Amino acid sequence: MSVVILALETSCDETAAAVVVDGCQVLSNIISSQIDVHKKFGGVVPEVASRKHLERFNQVVAEALSTAGLDYKDLDAVAVTYGPGLVGALLVGVSAAKAMAFGLDIPLLGINHLEGHIYANFLTEPQLDFPSLCLVVSGGHTDLVYIQKHGSYRVLGSTRDDAAGEAFDKVARTMGLGYPGGPLIDRLARAGDPEAFSLPRAYLEEGSLDFSFSGLKSSVINALNRASRQGQVIKKEDLAASFQKAVTDVLVDKTLLAARNMGVSTILLAGGVAANAGLRSDLVSRARRESRRVVIPAPLLCTDNAAMVACAAYFKYLRGDLAPLTLNAVPDLKLGEERYEGNFRGRVYRTDQYS
Ligand code: KG4
Ligand code: ZN
């Protein structure tokens, strides 16, 4: 018997819904991005994000179902990202998912957004083996995660200041490129010289698996200010390539160090920054030299989407880890943590319990 899950994702500025069968068979994956709305502000405006989710939500869900050729009655469960993210944005998806689970009398699954990013790898490679190591690099997070088995995570290292994506976005803004900065720097970097600027790489204490990108970001800002004071014209392609190389060198070095420390031969990449061409190719080529296998989702599955949420939800469903209808948005939810309201862990409330 197959399991059909409708997943909803509204944690930041993408309104997304997907229908996925048995975790990995994606019938639909609809994403309505708000980038154009937030662009003029240079970043995501939380209140605007919530309102846009409300406006677009019904249409996105209807499209996910019609593309899948299914109706609400065909669903076995509904899954939703309940944290981390912007509280008002998360609430749109969480409220709708609870209403659907209640109205359809089907189980509800609460998914951690970072867990969703990690599971994008299973959409690419359903036969993944454990243990594995995942570098999660997004707009809000930079984590090295040891995954022992489904649902079991140990964070080996994290950023101490800016997340990798945040550094891309801030540097792009300073360079006058626009928002979001990651894809713009990625594109420019292809035509630039990564050795043109000598930028710092923060390795922190010997053997540390933590990250720090704020010093690098300041160096880029200083280089731009110095050039403007001296009336020099900076070749943006070179600065973008040098910055990107400084970020990816540290990310790849620490990922391989963690893989060696943990004796792990399978490395996964996840989160929006995983769409970066330089990071993808450096990680693959350097891991290959150590005979380690790298799995990287397609770029569309690296950035926010709901298919990844459905995939994570499927494995949770198999474990019977269902959320109660008291589920709430948890903006600071940690990886591996569940915060189901009222502590009704692992139970689902059916309509008959309310009658
Ligand atoms: O995972 P994501 O879509 O949303 C969060 O959960 O944060 O990640 C968004 C981040 C942004 O900072 C964006 O600039 C970055 O991912 N990003 C990239 C690329 N595409 C998106 N960074 C570098 N290169 C890219 N190609
Ligand atoms: Zn994300």
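How are α5 and α6 oriented to each other, roughly parallel or roughly perpendicular? Before the answer, a word on what you are looking at. This is a predicted model, in which local features need pLDDT of at least 70, side-chain atom pairs count only at pLDDT 80 or more, and totals for chains, interfaces and linings use all residues. Residues are numbered from 1 along each chain as its sequence is written, chains are lettered from A and ligands numbered from 1 in the order in which they are written, and side-chain values use heavy atoms, with hydrogens and water left out.

Two packed helices are described by the angle between their axes and the distance between the axes. Each axis is a line fitted to C-alpha atoms, for helices over the stretch in contact, and angles run from 0 to 180 degrees between N-to-C directions.

Now to the opening pair. Helix α6 covers residues 181-189, and α5 packs against it at an angle of about 70°, with the axes 7 Å apart. The two helices are therefore roughly perpendicular to each other; angles under 35 degrees count as roughly parallel, over 145 as roughly antiparallel, 65 to 115 as roughly perpendicular and the rest as oblique. From α5, F168, D169, V171 and A172 meet G181, G182 and I185 of α6, where a contact means heavy atoms within 4.5 Å. By class, these residues are four nonpolar, two polar and one charged. Ala, Val, Leu, Ile, Met, Phe, Trp, Tyr, Cys and Pro count as nonpolar, Asp, Glu, Lys and Arg as charged, and the others, Gly among them, as polar. In the loop between α5 and α6 you will find P180, and the peptide bond from Y179 to P180 is cis, with omega near -10°.

Helix α5 (residues 164-174) also packs with α7 (residues 214-229), at an angle of about 10° and with axes 10 Å apart. That makes α5 roughly parallel to α7. Here K170, V171 and T174 of α5 meet K217, V220, I221 and L224 of α7.

Next, follow α4 to helix α11 (residues 307-319): the two pack at an angle of about 95°, with their axes 7 Å apart. That makes α4 roughly perpendicular to α11. Residues in this contact include H113, H117 and F122 of α4 and M308, F315 and R319 of α11. The contact divides into 10 nonpolar, three polar and three charged residues. In the loop between α4 (113-124) and β6 (132-137) lies P131, joined to F130 by a cis peptide bond with omega of about -5°.

Finally, what surrounds ligand 1? There are 19 residues, and the closest are H117, G139, D169, D186 and G272; a residue counts as near if one of its heavy atoms lies within 4 Å. Oxygen atoms of ligand 1 lie 3.0 Å from a polar side-chain atom of H113, 2.8 Å from a backbone N or O atom of G139 and 3.0 Å from a polar backbone atom of G182. Taken alone, ligand 1 exposes 550 Å², of which the protein buries 88%, with accessible areas from the Shrake-Rupley method and a 1.4 Å probe.

Definitions and conventions:
Helix = DSSP H or I, 4+ residues; strand = E, 2+ residues; numbered from the N terminus. Polar contact = N/O pair within 3.5 Å; in protein donor to acceptor, adjacent residues only side chain to side chain.
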